[in-house]
Amino acid sequence: MLSGRPKQILEFIEQFLAENGYPPSVRQIQKGAKISSTSVVKYNLEKLAELGYIEHDKKTSRGLRLTGQGIETISALLRIPLLGRIAAGEPIPVPGSDFNVMPDKAITLTRDIIKDEDGLYALEVRGNSMIDALIHDGDVVVMKHAREARNGEMVAIWLKDKEETTLKRFYLEGGRVRLQPANQTMQPIYADPGNVEIQGRVVAVIRRVS
């Protein structure tokens with residue numbers, strides 16, 4: 001499976017082809033994939049050609065074509081928008097918005113990891129209140145949009161009265177909601193159900209590699 005810069009370029013070529021009906025130039029790849037120089041693009045195009053993902057005619061400015069292997073690889077990938085950050089600790093104030101939006105960012109997973117792609121988005125975790133659930137500061141959680149949750153599910157919660165967002169386990173206990181951290185050193189947050197809005201539930205965790 002491709003990773004890093006070659007995968008990024010292959011994804012950009014596929015997206016450009018789908019939107020325009022013709023392949024991108026080297027400079028368009030450099031700009032669209034935010035790569036430092038055209039020489040880096042050319043190096044990775046040669047690598048993709050050697051591996052059999054593309055055919056590259058260097059004599060033509062748009063001499064790129066996805067091979068069957070390249071098309072198969074792209075179809076096996078799932079691109080999930082990275083919408084921003086969420087607190088796994090004390091809630092982060094985000095006035096007037098659910099999340100601190102990070103435009104033009106996304107993560108890519110293979111479809112064997114997540115089958116149902118509807119309503120998915122990703123958030124970068126800030127804080128360590130969920131470390132006992134193996135979610136650390138800097139990790140990325142993949143969320144599925146949801147407005148309801150069962151007790152024990154890990155969810156993104158919008159605290160409407162405080163305009164703050166947090167990641168916790170959800171429990172409805174009588175007339176109140178308990179938002180439980182997965183860290184023995186931290187206390188739960190209690191809230192009135194009317195002030196709690198569920199934004200989504202965690203379906204996968206992508207660990208940060210230090």
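Let's start with Arg178. Leaving aside neighbours within four places in sequence, Arg178 is in contact with Arg169, Phe170, Tyr171, Glu173, Pro188, Ile189 and Tyr190. Contact means heavy atoms within 4.5 Å.

A word on the model. This is a predicted model, where local features need pLDDT of at least 70, side-chain atom pairs count only at pLDDT 80 or more, and totals for chains, interfaces and linings use all residues. Residues are numbered from 1 along each chain as its sequence is written, and side-chain values use heavy atoms, with hydrogens and water left out.

Back to Arg178. It is in strand 10, residues 176–180 (strands are DSSP runs of E, at least two residues; helices are runs of H or I, at least four; both numbered from the N terminus). Is Arg178 buried or exposed? Buried, because its relative accessibility is 16% (buried is under 20% relative accessible area, exposed over 50%, partly exposed in between, with a 1.4 Å probe and protein chains only).

The charged end of Arg178 sits over the ring of Tyr171, 4.3 Å from the ring centre (the cut-offs: CZ of Arg or NZ of Lys within 6 Å of the centre and within 35 degrees of the ring normal).

Now the cores. The largest nonpolar core has 15 residues, and Ile9, Ile29, Leu45 and Ile54 touch the most other members (such a core is a set of buried Ala, Val, Leu, Ile, Met, Phe, Trp, Tyr and Cys residues joined through side-chain atoms within 4.5 Å). Helix 1 gives the most to this core, 5 residues. Apart from this core lies another, of 14 residues, including Ile86 and Val202.
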